[in-house]
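Dear colleague,

I am handing over the structure below. My notes on it follow.

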Amino acid sequence: MDITPEQNLLSQVDSAGITQEKSFSHIAATTDQIELASIDMTWPKEKITEGIMDQLRNLGFLLLTNVPGYNEDELKHACQWMFNLSEEEKRKLYQHHHNPKNTNYYRGLSPFIANDVSHKELFDMGLEYSQVSDYEKIFSLQEQTPFPDDQGDDGQKFKTFMHQHYDIMQNLGVQLMSHIADGFGLPSNYFETWFKDDPCSTLRLIHYLPRKANVVACDKLTEEELKLTTPEHTDSGFLTLLSTFNYPGLQVDIGGGVYKSIKPVPNVLVVNIGTMLSRITNNDLKATWHRVLDIGVDRYSSPFFLEPKYSAEIPQQLDPSLMTEEQKNNKLVYGDWLIESIKRFAEFANFQKTKPTLSDLQAQIQLDQTN
Ligand SMILES: O=C(O)CCC(=O)C(=O)O
């Protein structure tokens with residue numbers, strides 16, 4: 001089999017843990033790889049539940065294999081096609097704060113940002129807007145995703161594939177949430193009302209370039225920051241289903257701030273959870289810190305962030321016995337909470353909500369009633 005220059009470089013990454021070409025020295029833990037436990041989606045239901053609960057209670061990361069309908073090659077192709085568009089085409093898809101002509105604030109493209117601790121361009125899509133109910137359309141996070149519509153058949157194929165992949169990931173996410181409900185002894189459909197209709201889930205395509213490619217200035221970053229293309233973080237919401245296309249670079253905190261690289265495996269999804277799911281399980285399930293190394297060559301990945309509908313009311317704890325009466329009466333409105341949570345990420349630091357939050361609307365109703 002022919003080895004492309006990119007594969008050749010990646011095999012150097014695999015064996016040595018660092019790329020020979022990089023000009024920066026790498027973080028010490030890079031050479032230590034860990035293999036994530038795999039859960040096979042063809043296993044019996046109970047075995048899948050046991051495997052998922054065990055991994056999420058411990059490391060907080062696992063691999064899913066034999067995922068029905070998952071087509072890693074097509075997804076990688078879609079990723080590469082999108083980021084190969086001309087700058088002119090990309091600008092048509094930029095979020096509003098990168099191109100004020102555009103009316104998309106939450107969905108669309110976010111370019112490389114100078115002197116940012118993240119070094120990537122990304123494309124975010126949401127649920128097809130025509131499928132969103134009129135009620136949920138009143139909230140900010142629901143908006144039309146801009147697609148590259150001037151690209152003929154290729155653009156159409158891209159859009160069709162992305163919608164199919166979104167649906168496969170959304171259904172898989174709901175299925176995994178039913179295993180988690182089973183794992184806590186709750187009815188299997190416990191989470192369904194939050195996720196089934198009008199989800200705010202995001203399908204993201206990411207393109208990383210090595211800092212040495214000099215696409216944007218990086219001169220104000222520290223040596224440590226230069227080693228990473230995504231700084232350490234936890235995800236916000238519920239479940240993340242990540243395609244890494246067999247690229248190295250993803251590292252997880254195995255405890256006490258010690259990072260290990262995850263051994264890349266083809267045709268799998270990497271699964272982890274966000275802070276909201278961890279929080280409502282009283283931290284029984286772990287939202288693990290993770291980050292991405294600059295591997296010295298182009299890198300692509302595609303996370304799917306499973307999110308509830310905007311107006312979903314999330315209890316402070318799944319277990320009512322752990323809550324005070326006040327906490328029981330004080331549920332979180334998911335979308336209002338998410339808007340605050342995403343502002344910690346560079347790509348949403350300038351996010352402006354275009355419509356009122358549910359709390360704004362409730363405050364307005366109260367005001368109207370008192371006047
Ligand atoms: O690119 C990756 O492998 C991980 C991406 C990630 O952690 C994220 O987008 O939250």
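By class, the shell around the ligand has five nonpolar, four polar and one charged residues (Ala, Val, Leu, Ile, Met, Phe, Trp, Tyr, Cys and Pro count as nonpolar, Asp, Glu, Lys and Arg as charged, and the others, Gly among them, as polar). The residues surrounding the ligand are Ile206, Thr230, Asp235, Leu242, Thr244, Leu250, His290, Val292, Ser301 and Pro303, where near means a C-beta atom, placed from the backbone, within 6 Å. At least two shell residues come from each of β12 (290-293) and β13 (299-306); helices (H or I, at least four residues) and strands (E, at least two) are DSSP runs, numbered from the N terminus.

This is a predicted model: local features need pLDDT of at least 70, side-chain atom pairs count only at pLDDT 80 or more, and totals for chains, interfaces and linings use all residues. Residues are numbered from 1 along each chain as its sequence is written.

The open sheet has eight strands in the order β2-β3-β11-β8-β13-β6-β5-β4, with mixed pairing (two strands pair if DSSP finds at least two bridges between them). Its edge strands, β2 (38-40) and β4 (108-110), each pair on one side only. Within the sheet, β5 (residues 120-125) and β6 (residues 202-208) are antiparallel over six bridges, and Lys120 has Tyr208 as its bridge partner in β6.

Helix α2 (residues 45-57) packs against helix α5 (residues 152-183) at about 85 degrees, with axes 9 Å apart (axes are lines fitted to C-alpha atoms, for helices over the stretch in contact, and angles run from 0 to 180 degrees between N-to-C directions). The two helices, α2 and α5, are therefore roughly perpendicular (65 to 115 degrees).

Regards

Notes:
Angles under 35 degrees count as roughly parallel, over 145 as roughly antiparallel, 65 to 115 as roughly perpendicular and the rest as oblique.
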